Amino acid sequence: MEIGLDYMQMRTQAQYYGLRWAGIALLVTGVLLVVVGAAYYGNLYWLRSSVDDYAVSRSDTIQLAADEAPQAPREGKIVSPLALRPGAYTDTAVGSGFTPVAQSEARPLGTLPAAERLIVPELGINVKMDQASLTGATILAHSNTTTTDSDGLEVLRANPGERGALWFFGESGQRADNFGGLTKAPELLTKGEDILIFVDNGSKTYAYAATHTDVFRAADLRLSGSERATIHLTVPVPSGLYDHFLVLSGELVGVK
């Protein structure tokens, strides 16, 4: 009988210690999950806290008149109505071997070939159109925009050298076929440095000069049209998230 009681007592003690250590393990696991969760959301907050700093413009840009400002097909936020001063970048275009092009000399929509390559030397971007998915589908799928009908997609149809808005979309990772370098644009523009965007259509290369950047919440972004020959490079920020987008805008200044 004493042996049986000893056995039961030993079993009860084993259960007690087992439950005790199981409780400690659960507590430690819970604390770790809380720490990991706090670190994750803290990191997201830190990343998102700096996105507004991406919205900058060159000091020599001018405000567009209402009849020249970008137009959106639906309600929402669009790129800022900024442009280069008349004659800006003329010397730069000539020095780079380009023939200067005034906004009034841009060709009508649908008259020139589509882009084949996009190069932005200052940002380390050099991609062929068949190397990356640079279409409106990427941003439209993640930004909850509603500009998916024929009217909304009209703003995506401008080709290099044409009067209208030429939009490109890319990822923000570190692959060679992405737009990760776009996040460097605000710093360069703030310093007053030039950012030239070259778009090749197979027969000619068109030079665009960057004017400014905008940042939008994904749900607010609308793809804007333009009466001018403009270009807009778009990438999600912070990297890996799709709740904000950085848009680098520029306008046509030369051709060769």
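## Salt bridges

Glutamate 68 and arginine 228 form a salt bridge, with their closest N and O atoms 3.1 Å apart, where the term requires a side-chain nitrogen of Lys or Arg within 4 Å of a carboxyl oxygen of Asp or Glu. Because glutamate 68 lies in the loop between E1 and strand E2 (82–84) and arginine 228 in the loop between strand E8 (205–217) and strand E9 (229–237), the pair ties together parts that are 160 residues apart in sequence; strands here are DSSP runs (E, at least two residues) and helices are runs of H or I with at least four, numbered from the N terminus. Arginine 228 counts as buried at 10% relative accessibility, whereas glutamate 68 is partly exposed at 31%, given that buried means under 20% relative accessible area, exposed over 50% and partly exposed in between (1.4 Å probe, protein chains only).

This is a predicted model, in which local features need pLDDT of at least 70 and side-chain atom pairs count only at pLDDT 80 or more, while totals for chains, interfaces and linings use all residues. Residues are numbered from 1 along each chain as its sequence is written, and side-chain values use heavy atoms, with hydrogens and water left out.

## Aromatic pair

One aromatic pair is found in a search of the whole structure. The ring centres of phenylalanine 98 and phenylalanine 198 are 5.4 Å apart and their planes lie at 15°, so the pair is stacked (centres within 6.5 Å make a pair; planes under 30 degrees apart count as stacked, over 60 as edge-to-face and the rest as tilted). Both phenylalanine 98 and phenylalanine 198 are buried.

How values were computed: Phe/Tyr/Trp six-rings, centres within 6.5 Å; stacked < 30°, edge-to-face > 60°.
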